[in-house]
Amino acid sequence: MKALLFLGCTVPVRNLNYEVSARKVCEALGVELVDDAALACCGYPLKGTDQAHALTIAARALAQARGHDLPLVALCSACAGTLAEAEHRLSHNPEEVARVNAELAPLGLEYAPGVRVTHLVRYLLEEVGLEAIKAKMTRDLSEFTFAPHYGCHYLKPSETIGGLDDPEAPTSMGALIEATGAKVDNYPRLKDCCGGGVLGADEELAGALAGAKLAELDARQVTAMALVCPFCNVMYEGQQKAIAKRMDTKFKVPVVYLTQILGLGLGMTPDELGFKLNRSKPKELLAAFKE
Amino acid sequence: MSVRLNDCDPGFKHEVAAEPGSEGIRACFACAACSARCPVGANRPDYDPRRLIRLTLLGRREEVLASPLIWLCSSCYSCGEVCPQQVRFTEVLTAIKNIAAREGHAPPSAKVTAELLAKQGRLLEITEFENQKRADLGLPPVEQRPGDFQAILGIEPDQGEAGEEPR
Ligand code: SF4
Ligand code: SF4
């Protein structure tokens, strides 16, 4: 199994624990990730103000991916969502393809439909398969409980990235957590948005969105919250202290990436999985796997 | 507040609907399913997707484009999932924001974002420091190749000052 890795802007600079654990888990599960330094940004940051150029940038990445003839696998939900949306929009709209290709031609690139875009979690479930993943697990995590945060762009809009899971009752992250033997907490605020999309415009509002979920999970005392998106991480891990302060309360919710949980289940050490870079440390996990 | 029809621009809804992805605005029948599901609205009662659609359909062009509220959407796509009319409000609002940006209403961070992409090909800068950190973890180096981004965005090298990093 081979896939082209789409790293995007944030993961390779700010979320090396996600990247390192994702790469190790893929390797252990027989997935070869191919790198291409030319890929860079997906275009999402421009969408709100200039969606025409955002689409050209996404089309540029899709054109480059086409040259590899491999599925394009993103770690970031915003990248996966943006690229999938671009593929959907362009494959239904010949006029936009003409415009985009006029802009790409001077760069020696041409968009043509047909690239499969997917989030890493989806790729693991659809290509490796839950049973095969379970069969590779070597360590039992049954004493731990994780609270998945699905986030928004991993599941929505279902028009462009639907089919894997039900955005109103998602189970796909939970299934992977349970593959390690660990328990899943499907808490009441499971579907809440992290608020990351509005952080630049209104920090207080973004904090209110993330804070409600953090407060709930703090009270439920899960081993850790599990993420699959670096933007959700900005809110739940990066902003956690500031949010608690603004709410005039104290809480500490450990935050991990789903790939770090899978890596532990596959027998890897916390060091190999980049746990040193987790700022809201999952103390219970680290104590259990101290070398 | 009463609506004076003289202040309305009946072409505004067509202008919005002409942006890609937002044709659905015409189908809205004001059921408010989107407003009920919106997490931003739950925290900010002045933010209401249905109301923004009504104002747009009524042609309150300047009021909508200049409103700070249009920048408060978290892009969670929840509204679209519950809309019985396939309005795709997130895309409608993207269209409105795009028009607002063209008329100078975009937040300053928008310009910085485009300049960073033209300068770096990515939002976050890659220096030797980042690649050293990556190497320490056994990760391959990443590169900045802004050339394509400069060409697409029409921003010349060096013109783009790297300002504050957007969050
Ligand atoms: S849910 Fe759809 S039809 Fe109902 S008010 Fe919102 S946009 Fe209009
Ligand atoms: S996408 Fe925006 S308007 Fe729609 S529910 Fe989410 S925050 Fe509200």
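Mentor: Start with contact, which means heavy atoms within 4.5 Å. Helices here are DSSP runs (H or I, at least four residues), numbered from the N terminus; strands are E runs of at least two. This is a predicted model, in which local features need pLDDT of at least 70 and side-chain atom pairs count only at pLDDT 80 or more, while totals for chains, interfaces and linings use all residues. Residues are numbered from 1 along each chain as its sequence is written, chains are lettered from A and ligands numbered from 1 in the order in which they are written, and side-chain values use heavy atoms, with hydrogens and water left out.

Now the pair. From H3(A), A:Ala52, A:His53, A:Leu55, A:Thr56, A:Ala59 and A:Arg60 meet A:Glu96, A:Arg99, A:Val100, A:Glu103 and A:Leu104 of H5(A). By class, that contact has five nonpolar, two polar and four charged residues. Nonpolar covers Ala, Val, Leu, Ile, Met, Phe, Trp, Tyr, Cys and Pro; charged covers Asp, Glu, Lys and Arg; the others, Gly among them, are polar.

Next, the geometry. Two packed helices are described by the angle between their axes and the distance between the axes. Axes are lines fitted to C-alpha atoms, for helices over the stretch in contact, with angles from 0 to 180 degrees between N-to-C directions. The axes of H3(A) and H5(A) (residues 94-104) come within 10 Å and cross at roughly 70°. The two helices are therefore roughly perpendicular. The classes are roughly parallel under 35 degrees, roughly antiparallel over 145, roughly perpendicular from 65 to 115, and oblique for the rest.

Buried means under 20% relative accessible area, exposed over 50%, partly exposed in between (1.4 Å probe, protein chains only).

Follow A:Leu124. Among its contacts, leaving out residues up to four places away in sequence, are A:Cys26, A:Ile133 and A:Leu262. A:Leu262 is buried in H13(A). In H13(A) (residues 258-265), eight of eight residues are buried.

The axes of H4(B) (residues 49-58) and H7(B) (residues 89-102) come within 11 Å and cross at roughly 50°. They are therefore oblique.
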